[in-house]
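Q: Could you walk me through the labels on this model, setting each value against the rule behind it?
A: Happy to; here is the structure to look at while we talk.

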Amino acid sequence: MASAQQKGRVLLAYSGGLDTSCILAWLIEEGYEVYAFMGDVGQEEDFVAAEKKALAVGAKKFFLADLKREFVEELIYPAVQANCIYENVYLLGTSLARPVIARGMIAIADKEGCDFVSHGCTGKGNDQVRFELAFYGLKPDIKVIAPWRIPEFYNRFAGRGHLLAYAAEKQIPVQQTAAKPWSTDENLFHISYEAGILEDPNTTPPADMWKLTASPESAPETPEQISIEFKRGIPVKVTAGGKDTTDAVEVFLTLNALARKHGIGRIDIVENRFIGVKSRGCYESPAATILRVAHMDLEGLTLDRNVRSLRDQFVTVELSRILYNGHFFTPEREFVTSAIPASQRTVNGVVRLKLYKGNVVVEGRYSDEGLYDEKFSSMDELGGFEPTDTTGFIQIESIRIKKWAQANIRRGQAGVEPKDVYGTRV
């Protein structure tokens with residue numbers, strides 16, 4: 001076996017779970033000097049125990065970086081402002097955390113003179129792409145070790161059972177068992193579950209799988225009213241139970257606690273991974289679900305129609321794709337996110353919400369932005385609006401529609417049977 005001096009020093013993205021604990025031991029077997037890195041992005045983790053475990057497995061050093069504030073302020077809140085969502089259902093919890101973790105890793109790798117960085121992402125998943133593109137976007141000359149793409153590794157550990165056996169051989173304590181072999185990824189924003197019995201898309205997730213949220217059935221019978229104040233599309237104050245919370249991280253933590261209590265934020269989907277493989281995933285995104293509902297509602301009151309349309313078509317779609325595909329440290333991401341502040345300049349106000357058994361119900365909203373005029377919109381008074389003006393508006397709008405109808409009639413008279421887009425006779 002080659003010596004550590006020959007192979008070099010590796011900084012491993014360490015989660016404390018089955019995969020990365022086995023990878024740590026395997027890298028040492030292969031002759032590398034391994035340092036372990038954990039990013040604190042709000043996951044419920046015993047970091048002291050994780051450090052002890054990493055060092056016991058053989059890591060030379062252990063590094064823990066507190067990344068929660070930059071995660072909230074630099075990733076989560078811009079995603080809230082842009083209403084980011086993937087395939088209309090997934091709120092991007094895993095992909096949102098990858099840029100700050102990668103940035104934390106590269107900072108330590110530079111400081112400690114590491115020759116390589118490594119991760120435990122599978123060869124079929126999205127995270128290998130996200131991490132490695134982030135590494136290269138931050139440090140173009142970094143070398144990456146991806147064990148799940150190395151034949152010697154993936155042929156030896158063909159499945160979770162082999163990893164569990166290896167962990168037992170190396171006396172590595174793990175949470176996964178043969179009965180519950182699914183893989184999880186957790187941060188302040190969410191937790192994901194995949195693999196194991198979940199790979200059958202028709203298998204109902206067991207009730208004891210869900211970690212963050214109460215089941216809607218067991219959530220409180222009494223609804224809870226809260227309010228969220230936004231400035232420029234960012235939540236700046238949560239009022240719940242007579243208490244105001246204003247710190248950025250605490251706002252998110254407060255909403256997480258409320259949503260978890262009321263069973264809010266569970267989804268179970270089959271999605272399209274970036275590399276082209278379909279994947280079944282279960283997710284809990286408590287606070288994020290509340291914020292999306294509240295933010296989108298406030299935009300209806302405060303955001304200009306055409307600005308909202310352009311943002312929805314461009315910023316929302318493109319930033320969601322960029323985040324999901326791991327293209328964060330790119331010129332296109334810089335370009336897209338530069339449009340967010342301009343789109344959110346008027347998104348100021350308060351949304352009142354009711355939380356009840358998995359549901360987020362908007363009960364009211366108010367703002368001083370002035371785009372909504374109660375008298376102008378009223379059905380009970382004119383409020384300065386002249387109904388006769390609409391006649392000309394309809395006439396102008398009807399010009400092309402009338403011409404289209406006339407052309408259809410002519411085609412019919414010429415013996416060509418006009419049909420609509422569905423093939424139905426006109």
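A: Let's begin with rings: those of Phe, Tyr and Trp pair if their centres lie within 6.5 Å, and planes over 60 degrees apart count as edge-to-face. Please keep in mind that this is a predicted model. By that ring rule, the structure holds 14 aromatic pairs.

Q: What makes the pair of Trp-148 and Phe-153 edge-to-face?
A: The ring centres of Trp-148 and Phe-153 are 4.8 Å apart, which is within the 6.5 Å limit. Their planes stand at 90 degrees, over the 60 degrees required, so the pair is edge-to-face.

Q: Why are Trp-148 and Phe-153 called buried?
A: Buried means under 20% relative accessible area. Trp-148 has 13%, so it counts as buried. Phe-153 has 0%, so it is buried by the same cut-off.

Q: Which residues do ring pairs link into a cluster?
A: Trp-26, Trp-148, Phe-153, Phe-157 and Tyr-166 are linked in this way.

Q: What makes Arg-130 a charge over the ring of Tyr-324?
A: One condition is that CZ of Arg is within 6 Å of the ring centre, and another is that it lies within 35 degrees of the ring normal. Arg-130 is at 4.8 Å from the ring centre and lies over the face of Tyr-324. Arg-333 likewise lies over the face of Phe-328, at 4.2 Å from the ring centre.

Q: Why does the contact between Arg-98 and Asp-185 count as polar?
A: A polar contact needs a pair of N or O atoms within 3.5 Å, one able to donate a hydrogen and the other to accept it. The side chains of Arg-98 and Asp-185 make such a contact at 3.0 Å. Arg-98 has its place in helix α5 (residues 93-112), and its 8% relative accessibility is under 20%, so it counts as buried.

Q: How do you know whether Glu-299 is buried or exposed?
A: Its relative accessibility is 0%, under the 20% cut-off, so Glu-299 is buried. Glu-299 is found in helix α10 (residues 286-302), and its side chain makes a polar contact with that of Gln-344 at 2.9 Å.

Q: Why is Asp-110 with Lys-139 called a salt bridge?
A: The rule asks for a side-chain nitrogen of Lys or Arg within 4 Å of a carboxyl oxygen of Asp or Glu. Here the closest N and O atoms are 3.0 Å apart, so the pair qualifies. The pair links distant parts of the chain: Asp-110 is in helix α5 and Lys-139 in the loop between α6 (127-138) and β5 (143-145), 29 residues apart. In total, the rule gives 27 salt bridges.

Q: What makes Asp-110 and Lys-139 partly exposed?
A: Partly exposed falls between the buried limit of 20% and the exposed limit of 50%. Asp-110 has 45% and Lys-139 has 21%, so both are partly exposed.

Q: How do you know that Arg-273 forms a salt bridge with Glu-194?
A: Their closest N and O atoms are 3.5 Å apart, within the 4 Å limit. This pair links distant parts of the chain, Arg-273 in the loop between β11 and β12 and Glu-194 in strand β7, 79 residues apart. At 15%, Arg-273 counts as buried, whereas Glu-194, at 30%, is partly exposed.

Q: What makes Glu-318 and Arg-321 a salt bridge?
A: Their closest N and O atoms lie 2.7 Å apart, and the limit is 4 Å. Both lie in helix α11 (residues 305-325), three residues apart, about one turn of the helix. Salt bridges that share partners also join Arg-98, Asp-127, Arg-130 and Asp-185 into one network.

Key:
Residues numbered from 1 in each chain as written. Predicted model: local features only at pLDDT ≥ 70, side-chain atom pairs only at ≥ 80, totals over all residues. Heavy atoms only, no water. Phe/Tyr/Trp six-rings, centres within 6.5 Å; stacked < 30°, edge-to-face > 60°. Buried < 20%, exposed > 50% of the residue type's maximum accessible area, 1.4 Å probe, protein only. Helix = DSSP H or I, 4+ residues; strand = E, 2+ residues; numbered from the N terminus.
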